[in-house]
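Subject: Structure handover

Hello,

Here is the structure I said I would pass on. Please open it first, then read my notes below.

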Amino acid sequence: MTTLTAKDKQTVKAFWAKVSGKSEDIGAAAVARMLVVYPQTKTYFSHWQDQSPNSPAARKHGKTVMMGVGDAVTKIDDLKEGLKELSELHAFILRVDPANFKILSHNILVVMAVMFPTDFTPDVHVSLDKFLAAVSLALAEKYR
Amino acid sequence: MPENSVSADLQTESHKMVEWTDFERDTIQDIFSRIEYDVVGPAALARCLVVYPWTQRYFGGFGNLYNAAAIKGNPMVSKHGTTILHGLDRAVKNMDDIKNTYAELSVLHSEKLHVDPDNFKLLADCLTIVVAAQLGNEFTGEVQAAFQKFLAVVVSSLGRQYH
């Protein structure tokens, strides 16, 4: 939808530099919240023996997701091209309904507020929100 | 349509009584007894005006909303943020009849203020973020679920009298 401005990119990169050390914890917390607050998302994980929010599988998945987000930060100047393979994965193999990208994005933002209350200012919030929306769009690119 | 706004849409469910668990009731009472209305209200409204700048359309008379610093320091924004939280208090005290509690406010927002009800969801999301920042780790997934459910009922009730 909206293009990321130079300010957005700068803000996202600076914030990511601050928080990326905790990216595994962020990912685990975001996935855990998603499974609790939006229980319909558990339908994608029926193959997990333990679908509880703090299970090893959920934690591992959080780590995987945040590695993808971190990768997207490095490809922020061309997300569509940079996330092409991840899009193919989500489109043809995982087939996650793109509505769920919004849900996970929302929970990532909530976790940022919980873990970094002073750094997650409204200016950071708007740029990160736009960035996650752009990532979601790039992930949905190959769907149809 | 803002990409990450996900507060639940209960419009179709609004004719049924909302059922609250004890945990949900306790959680809502607890949150609202702990937060400072004149801190959280202004912070949530200011955040909404920054993160979703088109919401500024309803505040033409508020003066300088030029950037985040101006919005944060704007006394009319602060005052209105506090007013909103006190408005939410009505629902906190009447959880079993939020629909009727907000009937008049719904008419006001529709007939007089002409607020697009989608905006209520945006403010609700900002309120969630601000409360999360306030409560930190105590804002667990379960607490978040209860809070978002409460806000979804409020949002639905505020949109109910639109026609």
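What follows is a short tour of what turned up.

Keep in mind that this is a predicted model.

**The annotated domain**

An unreviewed UniProt entry annotates residues 19-163 of chain B as "domain: Globin". That stretch is 72% helix and 0% strand. Its end C-alpha atoms are 26 Å apart.

**Where the chains meet**

Next, the interface. Here 23 residues of chain B are in contact with 25 residues of chain A. The two chains bury about 2100 Å² between them. Carbon and sulfur atoms account for 60% of that area. On the side of chain B that touches chain A, the elements giving two or more residues are helix 2 (37-51), helix 7 (118-135) and helix 8 (141-159). How many salt bridges cross between chain B and chain A? The rule finds zero. It does find eight residue pairs in polar contact across this interface, both residues at pLDDT 80 or more.

**Salt bridges**

Side chains of opposite charge can pair when their charged atoms come close. Over all chains, the search finds 13 salt bridges. These are some to look at.

- A:Asp8 and A:Lys130 meet through their side chains at 2.6 Å, N to O. The pair links distant parts of the chain, 122 residues apart. A:Asp8 sits in helix 1 (residues 6-19) of chain A, and A:Lys130 in helix 7 (residues 122-140) of chain A. A:Asp8 counts as buried because its relative accessibility is 6%, under the 20% cut-off. A:Lys130 is partly exposed, at 23%.
- A:Glu81 pairs with A:Lys84, with the closest N and O atoms 3.5 Å apart. A:Glu81 is partly exposed at 45% relative accessibility. A:Lys84 is partly exposed too, at 33%.
- B:Asp96 pairs with B:Arg25, with the closest N and O atoms 3.0 Å apart. B:Asp96 is in the loop between helix 4 and helix 5 (98-101) of chain B, while B:Arg25 is in helix 1 (residues 22-34) of chain B, so the bridge ties together parts 71 residues apart in sequence. B:Asp96 is partly exposed at 39%, and B:Arg25 is partly exposed at 28%.
- B:Asp30, B:Arg34 and B:Glu138 are linked in a network of salt bridges.

**Helix 6 of chain A**

This helix covers residues 99-115. At 1.5 Å a residue, its 17 residues should span 24 Å. The end C-alpha atoms are 25 Å apart, which agrees. The helix is mostly covered, with 14 of its 17 residues buried.

A:Arg95 counts as exposed, at 59% relative accessibility.

B:His109 is in helix 6 (residues 103-112) of chain B. Is B:His109 buried or exposed? It is buried, with a relative accessible area of 18%. Beyond its neighbours within four places in sequence, B:His109 is in contact with B:His114, B:Val115, B:Phe120, B:Leu158 and B:Tyr162.

B:His114 is in the loop between helix 6 and helix 7 of chain B. B:His114 is exposed, at 52%. Its phi is positive, about 50°, although it is not a glycine.

B:Lys79 is in helix 4 (residues 75-93) of chain B. It counts as exposed, at 63% relative accessibility. The C-alpha atoms of B:Lys79 and B:Lys93 are separated by 22 Å.

Best wishes

Terms used
Residues are numbered from 1 along each chain as its sequence is written. Chains are lettered from A and ligands numbered from 1 in the order in which they are written. This is a predicted model: local features need pLDDT of at least 70, side-chain atom pairs count only at pLDDT 80 or more; totals for chains, interfaces and linings use all residues. Side-chain values use heavy atoms; hydrogens and water are left out. UniProt positions are given in the numbering used here, feature names are shortened, and annotations may be inferred rather than shown by experiment. Helices (H or I, at least four residues) and strands (E, at least two) are DSSP runs, numbered from the N terminus. The expected span of a helix is 1.5 Å times one less than its number of residues. Buried means under 20% relative accessible area, exposed over 50%, partly exposed in between (1.4 Å probe, protein chains only). Contact means heavy atoms within 4.5 Å. Buried area is the accessible area (1.4 Å probe) that two parts lose on being put together, summed over both. A salt bridge is a side-chain nitrogen of Lys or Arg within 4 Å of a carboxyl oxygen of Asp or Glu. A polar contact is a pair of N or O atoms within 3.5 Å; within protein, one must be able to donate a hydrogen and the other to accept it, and residues adjacent in sequence count only if both atoms are side-chain atoms.
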